[in-house]
Amino acid sequence: MIDSEEFFIKLDKHIEKGFPFVAYRKPKNANFHQSTKALLQTDSITHKVVDYSESGFVFSPFNDENDAFIVPSKFSEEIETEYFFEEHHKNVKKLDPPFPPNQLRKQARVEHENLVQKGIDEINAGKLKKVVLSRTESVQHQLEVIGIFKNMLKKYNSAFVYLWFHPETGAWLGATPETLLQVERNKFRTMALAGTQSFQQTTHVEWGEKEKDEQQIVTDAILENLQKFTSDSVEITASKPYTSKAGNLLHLRTDIEGTLNPDTADLKKLISALHPTPAVCGIPKASAKKFILENEDYDREFYTGFLGELNLKTEKKRNSNRRNQENQAYASISRQTSLYVNLRCIKLDAGIANLFVGGGITEGSNPSLEWEETVNKSHTMKAVLVK
């Protein structure tokens with residue numbers, strides 16, 4: 001554990017050298033201490049994932065036909081800190097900070113609504129059940145990359161917050177509420193996340209039929225895909241949908257858990273079964289992905305891809321009152337994978353922050369309301385770009 005000032009200085013120096021690194025903090029959880037970690041690669045060599053047997057931090061694009069990058073643990077320095085900050089917002093009502101100048105094209109709303117309508121037409125024609133359509137928006141930012149990362153750490157306790165830098169991908173930051181997959185030994189967890197509304201000081205809210213239907217579609221699709229990769233004798237369990245808060249937004253969420261068959265478990269196949277999820281692509285997966293690649297007028301790159309710890313060693317020591325050193329032999333060492341869907345993310349490029357926002361389209365979608373949802377989501381990210 002090092003001082004937070006030293007931690008951020010190390011990140012700055014790595015950017016100056018052009019060496020790959022990732023810094024991140026997992027969502028707040030009562031079961032583990034919330035600290036900020038980093039893997040600092042010791043050279044500028046590019047490493048890519050081959051079969052997901054590697055160990056390190058993975059950064060994978062939406063289109064799984066493209067390369068996934070990794071900062072390998074064996075070629076990296078691992079550092080950790082506790083980043084404390086004064087939480088003025090607890091007792092003092094603050095106005096939202098002014099957003100940076102907007103460079104959004106005037107035709108952006110018309111273009112996005114037309115795209116949404118095209119998706120609705122595909123659904124009505126029976127070609128799709130759901131499709132997730134997105135857009136990008138570019139704004140100026142007042143802060144350097146480390147300042148934006150600090151803002152995210154302050155604002156998003158319940159999200160997976162990260163800063164990724166690589167000379168081949170540039171700098172990306174995000175605060176994602178969605179878990180793709182968590183694996184430890186033969187136990188795995190994932191979630192179905194769909195529906196969005198603004199947080200108005202309470203999580204006790206009503207959800208419309210459109211959001212409920214979308215959530216059920218997403219849950220059913222994930223469960224169906226997972227059944228192919230689990231033991232027939234083990235039942236996958238799913239919680240009831242509940243409201244989950246991420247920043248100033250609320251989502252409908254279902255938690256899914258299960259057990260991997262040790263004889264047939266294959267992490268690469270399991271990830272392929274889940275990614276891209278119905279919450280970021282659509283149903284059927286192949287048809288929705290094809291529609292997105294052919295009709296969105298930009299490259300998503302790593303937006304709606306996934307990222308996180310891959311096969312990292314974790315150690316859990318048993319409690320004991322014995323005084324001899326032999327107790328250390330009772331430490332339990334296992335490999336753990338914690339992957340998250342890359343939502344609420346920003347790509348920085350020469351003083352410009354490129355934001356990525358989208359929403360799930362179903363039969364009952366309204367193009368105008370879908371536009372407004374993307375605007376609300378963009379506000380969530382713009383707030384971290386200013387001092």
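Over which ring does the charged end of Arg300 sit? The ring is that of Phe62, 4.5 Å from its centre. This is a predicted model: local features need pLDDT of at least 70, side-chain atom pairs count only at pLDDT 80 or more, and totals for chains, interfaces and linings use all residues. Residues are numbered from 1 along each chain as its sequence is written, and side-chain values use heavy atoms, leaving out hydrogens and water.

**View A. Glu309 and its polar contacts.** Glu309 lies in strand S15 (residues 306-316); strands are DSSP runs (E) of at least two residues, numbered from the N terminus. Its 5% relative accessibility makes Glu309 buried (under 20% relative accessible area, 1.4 Å probe, protein chains only). The Glu309 side chain makes a polar contact of 2.7 Å with that of Tyr24 and one of 2.9 Å with that of Lys26. Such a contact is a pair of N or O atoms within 3.5 Å, where one must be able to donate a hydrogen and the other to accept it; residues adjacent in sequence count only if both atoms are side-chain atoms.

**View B. The ring pair of Phe8 and Phe149.** Aromatic pairs number 19 (ring centres of Phe, Tyr or six-membered Trp rings within 6.5 Å). The centres of Phe8 and Phe149 lie 6.4 Å apart, with planes at 75 degrees, so this pair is edge-to-face (over 60 degrees). Both residues are buried. The charged end of Lys150 sits over the Phe8 ring, 4.7 Å from its centre (NZ of Lys or CZ of Arg within 6 Å of the centre and within 35 degrees of the ring normal).

Methods
Helices (H or I, at least four residues) and strands (E, at least two) are DSSP runs, numbered from the N terminus. Buried means under 20% relative accessible area, exposed over 50%, partly exposed in between (1.4 Å probe, protein chains only). Rings of Phe, Tyr and Trp (its six-membered ring) pair if their centres lie within 6.5 Å; planes under 30 degrees apart count as stacked, over 60 as edge-to-face and the rest as tilted.
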